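Subject: Structure for you to look at

Dear colleague,

Here is the structure I said I would pass on.

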2 protein chains.
Amino acid sequence: MGVVVPIDGDKERGSKQQSATIQKLFDLVHPDMQRVNELIINRTFSDVEMIPEVAQHLIDSGGKRLRPMLTIAAAQMCGYHGAHHITLAASVEFMHTATLLHDDVVDESELRRGKPSARMVWGNEASVLVGDYLLGQAFKMMVETESLAALAILSNAAAVIAEGEVLQLAASKDTSTTEDAYLAVIGAKTAALFAAAAEIGAVIADRPKEEHRALHSFGRNLGLAFQLVDDALDYSGQQALLGKHIGDDFREGKITLPVVLSFRRGDEEERAFWKRSMQEGDQTEADLEHAVALMEKNDALADTIKRAHHYGAMARDALAIFPESEQKSALLEAVDFCVERAF
Amino acid sequence: MGVVVPIDGDKERGSKQQSATIQKLFDLVHPDMQRVNELIINRTFSDVEMIPEVAQHLIDSGGKRLRPMLTIAAAQMCGYHGAHHITLAASVEFMHTATLLHDDVVDESELRRGKPSARMVWGNEASVLVGDYLLGQAFKMMVETESLAALAILSNAAAVIAEGEVLQLAASKDTSTTEDAYLAVIGAKTAALFAAAAEIGAVIADRPKEEHRALHSFGRNLGLAFQLVDDALDYSGQQALLGKHIGDDFREGKITLPVVLSFRRGDEEERAFWKRSMQEGDQTEADLEHAVALMEKNDALADTIKRAHHYGAMARDALAIFPESEQKSALLEAVDFCVERAF
């Protein structure tokens with residue numbers, strides 16, 4: 001099942017971006033992220049043992065913590081010198097972790113980053129409730145910063161994320177989903193938190209509105225690019241490196257851009273295949289391989305990556321108004337890394 | 001299965017309280033509650049159709065809206081003249097509704113107030129996600145009031161409620177649960193929101209700290225009394241009047257005070273019965289009737305109601321520092337109503 005997505009159609013990428021790394025960003029935020037990690041451990045403590053157990057399971061499972069890193073790097077780039085960026089970054093990670101716990105229940109996922117998902121170990125009940133607890137803790141922490149502007153941004157993101165998840169549920173398994181509808185879903189369920197995470201960096205640094213908007217746009221477009229690449233990776237052999245099942249989305253009937261493009265570009269017979277396998281959930285062992293073959297034939301994976309490059313470029317341009325700084329160049333390189341990871 | 005809990009052991013209640021009504025409270029808060037209801041309808045609107053559908057299903061299903069009424073009455077009693085009590089009351093109801101949606105998933109409930117639960121109509125997925133959406137909206141609304149003190153109280157309550165639910169999950173089906181452990185669970189999962197709902201009335205009215213504390217204590221003890229009565233009603237014939245199954249808690253193995261008391265007061269044979277039927281979940285049709293008979297033999301239902309009277313009395317005394325007012329007497333009568341309902 002080892003399918004490597006062809007990227008040679010993508011002529012605009014030079015050798016510099018081929019080797020883009022997130023290491024520069026890691027190094028810059030490392031001291032602050034250690035404080036974020038301490039706060040996360042602190043705030044998952046509870047006398048109710050199951051809470052730190054479940055939370056720790058997720059927190060230890062090797063997520064990149066990209067979202068809180070955005071908050072830290074944005075705050076640093078905006079010259080912020082207080083401690084609220086630590087608290088807000090931890091809140092952002094808690095919001096994300098809560099979403100993962102609830103997502104796994106909704107998607108009936110068995111694995112999360114290559115390890116059994118929390119719901120497989122502790123049950124759906126614990127996943128729902130510990131998710132609620134982390135969401136409550138996230139709001140408690142935000143309130144402690146006393147930044148009403150940051151609170152407004154993050155509480156709005158929480159509502160938008162949940163709305164996006166419901167939208168995805170309603171659109172789920174509909175092979176006639178348009179690219180726009182798909183973008184609306186990932187805009188809400190992924191990009192909204194990236195946008196909020198970056199924007200609050202400028203907000204707590206009390207920077208002018210145009211910088212809030214710039215970081216919002218940066219985060220949103222980075223989030224879109226990130227999710228597009230994720231959705232392409234779900235059909236790629238490289239996926240195994242990330243500790244995920246290949247074809248999870250296919251088996252769950254989740255309509256992502258590679259399917260949207262393949263369905264639209266396919267002939268009658270191909271559409272019948274997508275309808276049977278994804279809409280009606282009538283799948284055989286060989287169907288995933290056939291799905292990937294159709295995606296290659298229709299350039300669906302390569303074009304999903306091209307779309308990701310488009311949003312990556314928008315993210316880069318959004319940062320243009322900021323003066324040069326280590327943080328800015330680390331964020332720009334992180335965009336390239338997200339778009340190119342595992343290819 | 002029509003079991004009426006004996007209340008004649010409860011000599012301190014005169015004929016006045018026997019006829020306690022919540023009508024006085026209803027009438028006082030009615031104009032404000034109409035604005036709360038409008039706001040609730042407004043804020044459940046979403047282009048994602050499933051959201052208003054699921055939310056409306058719950059909102060229409062005849063809940064008493066006791067929690068937002070507490071916020072409104074407390075704010076009125078504290079002489080508040082703004083509009084934030086409307087927004088906060090709607091937030092409180094959204095938090096409660098979100099909890100109900102998640103509870104039904106966790107408990108695998110088929111009915112909610114006599115109607116099919118949302119998860120039976122739209123599935124567990126929608127219940128989890130619409131719950132998350134309502135929680136997000138609740139926080140958005142709170143932030144709009146710009147009251148950091150109210151935000152701190154409500155976000156803390158959100159974390160405590162979820163912690164209580166996880167605690168209940170961990171303690172679930174353990175017949176050796178102590179009364180203290182049971183109180184810790186209902187203190188978190190029910191009383192914390194009652195306490196917060198009442199307290200924020202004094203907070204937005206900018207009253208002295210002792211009034212915050214008094215309303216917190218009032219709400220907390222009312223919440224404990226309310227839940228104790230609820231737990232007794234689950235084994236009472238009167239339960240059918242409230243549109244609930246009798247014995248839901250029994251079937252779910254949920255250890256409430258009537259079981260805690262029956263288990264502790266019972267002999268070896270009785271304890272073996274509770275362990276088999278609730279801890280091991282090995283139940284026959286006749287077991288519920290036997291459970292109720294054991295509760296009567298051990299005065300477990302009557303004593304659960306007595307405990308409720310104790311917390312009701314504490315709630316009444318907590319209000320003593322407030323000068324006489326229509327709101328105060330309506331709240332006092334509401335305590336009696338909650339303790340005596342359906343008996």
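Confidence. The model is predicted, not experimental. The predictor gives the complex an ipTM of 0.85 and a pTM of 0.88. For chain A the average pLDDT is 89, and 91% of the residues score at least 70. Among the elements of chain A, helix α1 (residues 15-18) has the lowest mean pLDDT, at 45, while α4(A) has the highest, at 97. Residues 1-17 of chain A have a pLDDT below 50, although this stretch has 28 contacts in the model beyond near neighbours in sequence.

The chain. Chain A contains 15 helices and two strands. Its radius of gyration is 20 Å, close to the 20 Å that the globule rule gives for 343 residues, so chain A is as compact as a globular protein of that length. The C-alpha trace of chain A spans about 60 × 50 × 30 Å along its principal axes. Of the 343 residues in chain A, 55% count as buried. Taking the contacts in chain A with a separation of 6 or more, 77% are between residues 24 or more positions apart.

Helix α4 of chain A. This helix covers residues 66-77, and at 1.5 Å a residue its 12 residues should span 16 Å; the end C-alpha atoms are 16 Å apart, which agrees. How much of α4(A) is buried? The count is 11 of the 12 residues, so the helix is largely enclosed by the rest of the structure. The buried residues include A:Arg67, A:Pro68, A:Thr71 and A:Gln76, along with A:Met69, A:Leu70 and A:Ile72. What do the buried residues of α4(A) pack against? Their partners in chain A are α2 (23-43), α5 (84-107), α8 (179-204), α9 (209-233) and α15 (326-340). Just after α4(A), A:Gly79 has a positive phi of about 75°.

One residue in chain B. B:Leu224 is located in helix α9 (residues 209-233) of chain B. It counts as buried because it has 24 C-beta neighbours inside 10 Å, and the cut-off for buried is 20 or more. Leaving aside residues up to four places away in sequence, B:Leu224 touches B:Ile186, B:Gly187, B:Ala191 and B:Tyr311. B:Lys140 is 84 residues from B:Leu224 along the chain, and their C-alpha atoms are separated by 28 Å.

The two chains together. A rotation of 180° with 0.0 Å of shift along its axis superposes chain B on chain A, with an RMSD of 0.0 Å. That is the relation of a two-fold axis. In the contact between the chains, 35 residues of chain B meet 35 residues of chain A. On the side of chain B that touches chain A, α3 (50-59), α5 (84-107), α6 (118-145) and α7 (148-171) of chain B each supply at least two residues. The largest share, 14 residues, comes from α7(B). By type, the residues on this side of chain B are 23 nonpolar, six polar and six charged. Of the interface residues of chain B, 100% are also interface residues in chain A, so the copies meet through the same surface.

Regards

Technical notes. Residues are numbered from 1 along each chain as its sequence is written. Chains are lettered from A and ligands numbered from 1 in the order in which they are written. This is a predicted model: local features need pLDDT of at least 70, side-chain atom pairs count only at pLDDT 80 or more; totals for chains, interfaces and linings use all residues. Copies are superposed by least squares on the C-alpha atoms of residues with pLDDT of at least 70 in both. Two residues are in contact if their C-beta atoms, placed from the backbone, lie within 7 Å. Helices (H or I, at least four residues) and strands (E, at least two) are DSSP runs, numbered from the N terminus. Ala, Val, Leu, Ile, Met, Phe, Trp, Tyr, Cys and Pro count as nonpolar, Asp, Glu, Lys and Arg as charged, and the others, Gly among them, as polar. The radius of gyration is taken over C-alpha atoms; the globule rule is 2.2 Å times the number of residues to the power 0.38. The expected span of a helix is 1.5 Å times one less than its number of residues. pLDDT is the predictor's confidence in each residue, from 0 to 100.
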